[in-house]
Each structure stands twice: as C-alpha cells, then as structure tokens.
Amino acid sequence: PGERMVLGRNPRYHGRFGGNANRVELFHDAAATWSTGLALYEGDDLDVLRLTRFPPEERDRARQRHAVELVSYQIPGMYYIGLNPTLPPFDDLRVRQAFALGINREHLPRMTTHSGLQYYTGGFVPLGVPGHSPGIALPYDPDQARWLLAEAAYPGGAGFPIVRALAFDVSRPVLEPLVDLWREALGIQVDPEVVDIQTFNDRLERDMPHLHATGWLPHYPDPNTFLHVAVSRLTRRWRNEAYEDLVERAGRCPDHAERMRLYGQADRMLVEEAIVVPLGSGREYQLLKPWVGRYPLSPFRWSFWSDVVIEPH
C-alpha cells in the first residue's frame, strides 16, 4: 500500500489482446522519487520510466543519456493562467486583459527550454483536440496593456497591489518567466508561491489568489472537457449567461459543424474575458528498455497493458 500496485492477467478473460505480459508492477510516484525511479531503470529493475515529474535539468540529462530509449508525444492538454475575477483589482476586465496582453509568447520558449512546452496563439481548446481555434489569443501588446492599466487607475502600474500567484511543481516553469514579463511590460510585482499539488488544489477551493498557473488534461477528445468541465471549476467565481448559453447549446447540438462553431464562439468569449489565458501544451517523455517490443502510446490513454510485448532478455 502506498508503494506499488501489482496487476495480474485474468485467465478467464476471453477478449482480444496482443501482449504477453502476465504481471505488471506500477510504482507509486510518492513512493519512488525521480532519483529512485532513475536508479531502478538504470539497474534494469524498471522497463518503463516516465520523466514527467523529473526536475527540468534532470529530465534533460536523462533524455540525453538514454536518447536511444526515449519516446515522446505532444499532450493535448493546456497550460494556462487562471485569473480570479472576484478579487480586486482582477474584477476589472481591463486589468485582466492587460495581464493577457503583457505576455510575449515568443520569449517564453527560450525562457522555459527545459519544460517541453509548445506555446499556442489559439484559445483554450488546444491543438490536437477538435474545435481548436488558432490565432484567437489576445496578442502581445504592451502599449495597449499599459493603456488599459492607466484607464483602470493604475498608470505605469502605480498603486497596483502586489499580486499573489500560485503554482505547483509542474506548472512552476510556466509561471516563473511570466513574473519577469509582467514586471517589464506592466511595472507590476507578482509574488509567486510554489506548493505541492494537494495544497494547490485546496487553495484554489478555499483561498484562490489573484492568479494561478495550472493545466487541464482532456478526459475525452472534445471541446466540452475544456469549455464546460474545466471552466465549471471557475463558474462559482465567474458567471456569464451568454457563455453558458453557447456551451449548453453546443452540448445539445447534433450537427458537428454547428457544434464546433458554437464552441468556437464560446472559446473566443472566454479568451476575451481573460478569465483564463491559454498558453500551450507540454510533451510526455518516457524511457523504454530495448526489450519492450511493443508499448502502445496515446495522448488520451495512459496504459495498454494487455498489448504490451516484452521480448526475451
């Protein structure tokens, strides 16, 4: 308990499968730190090792040392910045838009080279999911951002309170470069706090800060999981009847093209309201031993144990 899960093949299963593994041992992340996991893999005690939870520098080092055994794919999720529209001064649309307009995505890949992030200029529905809308993100426009702040009575950032920002280990590389960009573009100090994932989720429920950096992985390949399921976490702080009507109509629409059009309108509205600032997606990196003859991978499913093939070694 708390260390590993052991799975055994069911001898009474009569469905089709193409693998030969009779036993699978899954190590719990909390029981095996990244260094323990790497030691087990390099000692041939692990066949597969996910690098997602590795510190960025250590992930790069492991990728280089085991380049022949590396596999990766783009995750159709979305890293984003969530803004709290009930907490002043972010209850002012101009302030939220200013923060979105102060993000220079062209600088972000250079600042976060270890995170494997691919930045988009689209909406909240990411590349790889039906309904992705390229080019609808609020553009980098520091002049417009400063003008909006002045209109909101914060010229040059003067008088703006210190912004509380929250991240956890995986989203930390997303937030940290933005702190510098906002200081340079807006003259505003953002105070980031990095906590563990459980504390992060608890804080979002009971004490949501001004902004937070997080991500959303789709439960299924459809805009609904982003524009309804993910956004519903924010609806007790943000209500927009026009947005909710679009999402509800899309959910009931039997025509695929019309459904995607409605979701596209909702996505654009979400971006323009700057409730979330979509940034981009990361990559999943795994190491596979040479004797793993087949190991199916999918962005929407983590495991295909019945089809894994382990070659003699």
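Biologist: What is the mean pLDDT of the protein chain?
Modeller: pLDDT is the predictor's confidence in each residue, from 0 to 100. The protein chain has a mean of 90, with 95% of its residues at 70 or more. This is a predicted model, where local features need pLDDT of at least 70, side-chain atom pairs count only at pLDDT 80 or more, and totals for chains, interfaces and linings use all residues. Residues are numbered from 1 along each chain as its sequence is written, and side-chain values use heavy atoms, with hydrogens and water left out.

Biologist: Where is confidence lowest, and where highest?
Modeller: Helices (H or I, at least four residues) and strands (E, at least two) are DSSP runs, numbered from the N terminus. The lowest mean, 65, falls in helix H4 (residues 108-111), and the highest, 98, in helix H3 (residues 93-101).

Biologist: Is serine 171 buried or exposed?
Modeller: Buried means under 20% relative accessible area, exposed over 50%, partly exposed in between (1.4 Å probe, protein chains only). Serine 171 counts as buried because its relative accessibility is 0%. The residue lies in the loop between strand S7 (163-168) and helix H6 (172-186). Beyond its neighbours within four places in sequence, serine 171 is in contact (heavy atoms within 4.5 Å) with Ala213 and Thr214.

Biologist: In what order do the strands of the open sheet run?
Modeller: Strands of a sheet pair through backbone hydrogen bonds, either parallel or antiparallel. Two strands pair if DSSP finds at least two bridges between them. Here the 6 strands are ordered S6-S10-S5-S9-S7-S8, with mixed pairing. Strand S6 (118-119) and strand S8 (190-195) are the edge strands, each pairing on one side only. S6 runs antiparallel to strand S10 (residues 276-281), joined by 2 bridges.
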